[in-house]
Amino acid sequence: MPDSSVPRLSEPKLAPRWQEFAPDGSWLQVDVARQQVFVVQKAEFVLCFPVSTALNGAGEQEGSGQTPRGWHCIRAKIGSGHPVNAVYRGRRWTKECYTSELAAQNPGRDWILGRILWLSGLEPGVNRGGDRDTMRRYIYFHGTADTEPMGEPLSHGCIRMRMKDIALLFEDTAVYTPVYIG
């Protein structure tokens, strides 16, 4: 029986303007406050994964180290056919596979692992164009080491996920899928 003394979070709200950006009712929705990403289908929340967004909070400015808000889409998928623990640098597989030994040899490295879902902003002046362009800021969903905390903001702007979770999301998410971050 669930512990009724544990406070429960209310169901998240559907993203604003979803009918405009995701008219079929399907999108990914990142809740920065909850540190979760939801898979939404037919305007219903169907899956949820823990994430880690930016340590510096939410914001769109280039160089801020913040996670950009608003409507985006998956512009590119990187990592198909690579090992689930593949290591990336500059969106290219380094031919390394993440292990605790590799991590010990590279302390302080910002690990981009497994799969990459590269985001592009859909709102000119908000997260697209100029010094607020999500794609030009290289913001993506990507895997991180299982030893890294999840559910708390610690990234440099990207949306970090467990390697097994990003692999699942990658397989079931098409290019141009809408993404709302708020």
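At 42% relative accessibility, Glu 62 counts as partly exposed, a label for residues between buried (under 20% relative accessible area) and exposed (over 50%), using a 1.4 Å probe and protein chains only. Before we go on, note that this is a predicted model, in which local features need pLDDT of at least 70, side-chain atom pairs count only at pLDDT 80 or more, and totals for chains, interfaces and linings use all residues. Residues are numbered from 1 along each chain as its sequence is written, and side-chain values use heavy atoms, with hydrogens and water left out.

Which residue does Glu 62 meet in a salt bridge? Its partner is Arg 136, at 3.9 Å from N to O. A salt bridge here is a side-chain nitrogen of Lys or Arg within 4 Å of a carboxyl oxygen of Asp or Glu. Glu 62 lies in the loop between β3 (44-50) and β4, while Arg 136 lies in the loop between β7 and β8, so the pair ties together parts that are 74 residues apart in sequence. Arg 136 is partly exposed too, at 45% relative accessibility. Helices (H or I, at least four residues) and strands (E, at least two) are DSSP runs, numbered from the N terminus.

The structure holds 10 salt bridges, and some of them share partners, joining Arg 17, Glu 20 and Glu 123 into one network. Let's walk through it. Arg 17 and Glu 20 have their closest N and O atoms 3.0 Å apart. Arg 17 also pairs with Glu 123, where the closest N and O atoms are 3.3 Å apart. Arg 17 sits in the segment before α1 (18-21) and Glu 123 in the loop between β7 and β8 (140-144), so this bridge ties together parts that are 106 residues apart in sequence. How open are these residues? Glu 20 is exposed at 52%, Arg 17 is partly exposed at 43%, and Glu 123 counts as buried at 12%.

Now turn to the aromatic rings. Rings of Phe, Tyr and Trp (its six-membered ring) pair if their centres lie within 6.5 Å; planes under 30 degrees apart count as stacked, over 60 as edge-to-face and the rest as tilted. By this rule there are 8 aromatic pairs. One of them joins Trp 27 and Trp 71: the ring centres are 6.0 Å apart and the planes meet at 65 degrees, so the pair is edge-to-face.

Finally, look at the nonpolar cores, which are sets of buried Ala, Val, Leu, Ile, Met, Phe, Trp, Tyr and Cys residues joined through side-chain atoms within 4.5 Å. The largest has 19 residues, and Leu 28, Val 37, Leu 119, Phe 141, Met 161, Leu 169 and Val 179 touch the most other members. Elements giving two or more residues to this core include β1, β2 (36-41) and β7 (112-121), while α3 gives the most, with 3 residues. Apart from it lies another core, of 9 residues, among them Trp 18, Phe 21, Ala 22 and Tyr 180.
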